[in-house]
Amino acid sequence: MSRTTHRARSWRALAALLAVAALLWASACSNLEGAGEKGYVSGNGQITELPPDARKAPVELTGTDLDGEALSLADYRGKVVAINVWGNWCSECHEEAEDIVEAANRADPDQVAFLGINTRDPSRETAQSFVRRYELPFPSFFDGSTGSSLLAFHGSLTPYATPSTVVLDRQGRVAAVILGEIPSAAVLTTVIEQVVNEDG
């Protein structure tokens, strides 16, 4: 075998090894992205909107709020409901909190209700400190450390989808989902208003 042929084969082998290494690295990054030691999956603010004929059954969720009082989604039927999933432990939740509050304060209370799902905080007191800090103007389900409340949104959210925001139509069906931190208060308001205006 000539020296030139040997070199060519060596370069091809090296190129193949580098390609395999690159694929393995990309796969590892995609599997770990947004999770790692944080134990939750970060979104990128991606918005998914569902037309009325593509929506599934109304979401059923009951529980207690941060004060231990009963809270149920059924009480809000007839209004468009924006539900924000948050936790005091979640840095992105802190980053989006002011925008969530702004959007909630902009909303017409006759047409729109805001709710939260506090997930994976160790105590109600921990969650309440977040509410006080940002003056959240809406009640939140207290989910504790289980993430079980998010099972009501199977197919739209995972138990680790924090932060995320779901918009339900007047029938309680998922109409839009924002995975990750909301892009802005204005974007969330626009998404909500589109659902409000479906009935003219």
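Me: What average pLDDT does the protein chain have?
Reply: pLDDT is the predictor's confidence in each residue, from 0 to 100. Where it is low, the predicted coordinates should not be read in detail. Here the chain averages 83, and 78% of the residues score at least 70. Over residues 3-8 pLDDT stays under 50. Over residues 13-42 it is also below 50.

Me: In what order do the strands of the sheet run?
Reply: Strands (E, at least two residues) and helices (H or I, at least four) are DSSP runs, numbered from the N terminus. Two strands pair if DSSP finds at least two bridges between them. Six strands form an open sheet here, in the order β1-β8-β7-β4-β5-β6, with mixed pairing. The edge strands are β1 (46-49) and β6 (140-142), each pairing on one side only.

Me: In which sense do β4 and β5 pair?
Reply: β4 (residues 80-86) and β5 (residues 112-118) pair in the parallel sense, over seven bridges. V85 stands opposite I117 in β5.

Me: How are α2 and α4 placed relative to each other?
Reply: Two packed helices are described by the angle between their axes and the distance between the axes. Axes are lines fitted to C-alpha atoms, for helices over the stretch in contact; angles run from 0 to 180 degrees between N-to-C directions. The axes of α2 (residues 91-106) and α4 (residues 185-196) come within 8 Å and cross at roughly 40 degrees. The two are therefore oblique (under 35 degrees is roughly parallel, over 145 roughly antiparallel, 65 to 115 roughly perpendicular, the rest oblique).

Me: Which residues of α2 and α4 meet?
Reply: Contact means heavy atoms within 4.5 Å. D99, I100, E102, A103 and R106 in α2 meet A185, A186, L188 and T189 in α4.

Me: Which peptide bond is cis, and which residue has a positive phi?
Reply: Most residues other than glycine have a negative phi, and most peptide bonds are trans. A cis bond joins T162 and P163, with omega about -5 degrees. P163 lies in the loop between β6 and β7. R120 has a positive phi, near 65 degrees. R120 sits in the loop between β5 and α3 (124-134).

Terms used
Residues numbered from 1 in each chain as written. Predicted model: local features only at pLDDT ≥ 70, side-chain atom pairs only at ≥ 80, totals over all residues. Heavy atoms only, no water.
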